[in-house]
Amino acid sequence: MRNQPGQRPRSSRSEPPLNPVAAAVATAARKDGGAGRQPPRLAHSRRSWAGFGVFLLFYVWLYFFLGTHLIHQANRDRLNWDQQHNIVMSQRSLEREQQPIGPSESVTAALWRSFPHYTDGVVNPLWPWVAARFASDDHEVFFERGKWFNLIFTAAFMVGLGLIAARTFSIPTAISLLLAGGLGAVLPRAIYFQPESLYYTLFFLSWVCALSLLRRNSLWIYGALGLLLGLAYLAKTSIQPFLLVFVGVTLLRCGFEWWHQRRLVKTGEFASAMADDRWSTPNHFIGLAVMAMTFLAATGARLSYADDAFGSPFHSYPGYWMWMDDFRQGADFMRRYSNAETLSQLPDTEKPSAMNYLRSHSREEVIERLRHGTTRKLRDFFAPKEWRKSGRELLPFRGWLLGGFGVMFAVMAAMRFWAKRQGDRWVWPVGPESARWMLLFAVGVFAVSALAYGFYEPIGRGDRFLLSLYLPLAVTLLWIAERFRRQLQRTSLGPWATRIFFTMHGVIAVCILWRVATLLSDPVFQR
């Protein structure tokens, strides 16, 4: 029977029959003309959303149950770590904000003080500025308020992340992220009067922007990335590895795209090849300028104050401590060079720097410091001891969980590769190019950060530096794995990919919930 005008051609008998899942996806694709660039996505049923809602209620209860015990058991003394110093910085920030306009001071300068700007060269201004909103002259009261603020703030962030992940990826992925990321990285740092809660959140949002840019580099995302990185910098000056790798990977991609286009032109395949229209090299260089402008807009008040107080807009004492042998040297250096005048008198030959450190230390000493520090940082990150000075670790096997996410990614990538190699024409046509760049970015930031924080180990011990990468790494692996799984939905491997993917999520959830049951039956977090 011949097709009527305007009808789609009938499938030939040689085409493989679609399985039920693939048939549903294909039907949805036909409804929008098949012109969409996003992989097919199955909608969750009302029953699935209802079940996820019940899980979120349980998760919020669990988060506050564990958080309350951690606050009252593991962090009772504000003099531990640098929490008292953060309290003092918050009160000084409020005093500067409430200071009346001086006789020789302009209104603009007074207005500038309303933004996060005050730093002593160690603690950056965002957390003291936020904490000043609920300041109290009683340090114990202020200490308690700060801990509860961080706990509530991170709980709200994790719930929001779970809802977005369930809508964007899948409900099993959202559950895994909430359990692993929340209990493994976010909650353990949310009980302190410190900037980590703000920094982890802003760093994660910056990371998501960077991954989005590696897929499609729209200019507005560069602006958002610059703003978020600026706010993250105001929380902690630890964004250098991120910036270094992001600029390096994106420039490398620009070079690759230029070489690829030239090769296509030379071989005469340009017209027939499917070029990646998601990445624009001109957009990237314009976008970097936009990113720089929004970054400076967010950090301008802090940079201006640091330039006046210390002689450099990006001044940070930990930047000097990096090239010292222990914290005592760093503290002594900060006392002797406490302002712009004394810092300007410091000879270049005595200024702590990479070159001066290499001149005064043998190659063996440098390698040993890097090896020992990096090994310890990686051990604390992947396999922390259950009992430490800071208390009981919630998920001491968090490294295995991250490895499980990596296995999910590897399995989905292998299945996609197999389907493509078998010539299955139902594999979603969008190639894995951006996934490669996303993975390169994630691995690069982790490697550079591990080496940098490892070298810094004699000065700053603990896992709070590298732990900021846990949730971003988990999201990266699951993002790419979900993308590959969806690209397989039209193939004969689609149902198997979904079954394997969700089964692995189930195994991870069971392992974490087994640990949760242990913590609930024995809620002791400090010996």
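Reader: Helices here are DSSP runs of H or I, at least four residues long, numbered from the N terminus. Which helices each supply at least two residues of the lining of the largest cavity?
Author: Those are H7 (171-189), H8 (196-215) and H19. H8 gives the most, with 3 residues. A cavity is a set of points on a 1 Å grid where a 1.4 Å probe fits but cannot get out, and lining residues have an atom within 4 Å of a point. This is a predicted model, where local features need pLDDT of at least 70, side-chain atom pairs count only at pLDDT 80 or more, and totals for chains, interfaces and linings use all residues. Residues are numbered from 1 along each chain as its sequence is written, and side-chain values use heavy atoms, without hydrogens or water.

Reader: Thanks! How many cavities of 30 Å³ or more are there?
Author: The structure holds 2 of them. Volume here is the space filled by probe spheres set on the points.

Reader: Which residues line the largest cavity?
Author: Look for Phe157, Ala185, Val186, Tyr200, Thr201, Phe204, Leu467, Ser468, Leu471 and Pro472. By class that lining has 8 nonpolar residues, 2 polar and no charged. Ala, Val, Leu, Ile, Met, Phe, Trp, Tyr, Cys and Pro count as nonpolar, Asp, Glu, Lys and Arg as charged, and the others as polar.

Reader: And what lines the second largest cavity?
Author: Around the second largest cavity you will find Tyr199, Phe203, Ser238, Pro241, Phe242, Ser449, Tyr453, Ser468 and Leu469. Of its lining residues, 6 are nonpolar, 3 polar and none charged. H8, H10 (240-267) and H18 each supply at least two residues there.

Reader: Switching to packing: at what angle do H18 and H19 pack?
Author: H18 (residues 433-455) and H19 (residues 470-487) pack at about 165°, with their axes 10 Å apart. The axes are lines fitted to C-alpha atoms over the stretch in contact, and angles run from 0 to 180 degrees between N-to-C directions. The two helices are therefore roughly antiparallel, a label for angles over 145 degrees.

Reader: Which residues meet there?
Author: From H18, Ser434, Ala435, Met438, Leu439, Ala442 and Phe446 meet Leu473, Thr476, Leu477, Trp479, Ile480, Arg483 and Phe484 of H19. Contact means heavy atoms within 4.5 Å. The contact of H18 with H19 has 10 nonpolar residues, 2 polar and 1 charged.

Reader: Nice. How do H6 and H7 pack?
Author: Their axes are 8 Å apart, at an angle of about 155°. H6 is therefore roughly antiparallel to H7. Leu151, Thr154, Met158, Gly162, Ala165 and Ala166 in H6 meet a set in H7 that includes Ile171, Ala174, Gly181, Gly182 and Val186. The contact of H6 with H7 divides into 10 nonpolar, 4 polar and no charged residues.

Key: Angles under 35 degrees count as roughly parallel, over 145 as roughly antiparallel, 65 to 115 as roughly perpendicular and the rest as oblique. On a 1 Å grid over the protein atoms alone, a cavity is a set of points where a 1.4 Å probe fits but cannot get out, and a pocket is an open set with protein on both sides within 12 Å along at least five of seven lines; lining residues have an atom within 4 Å of a point.
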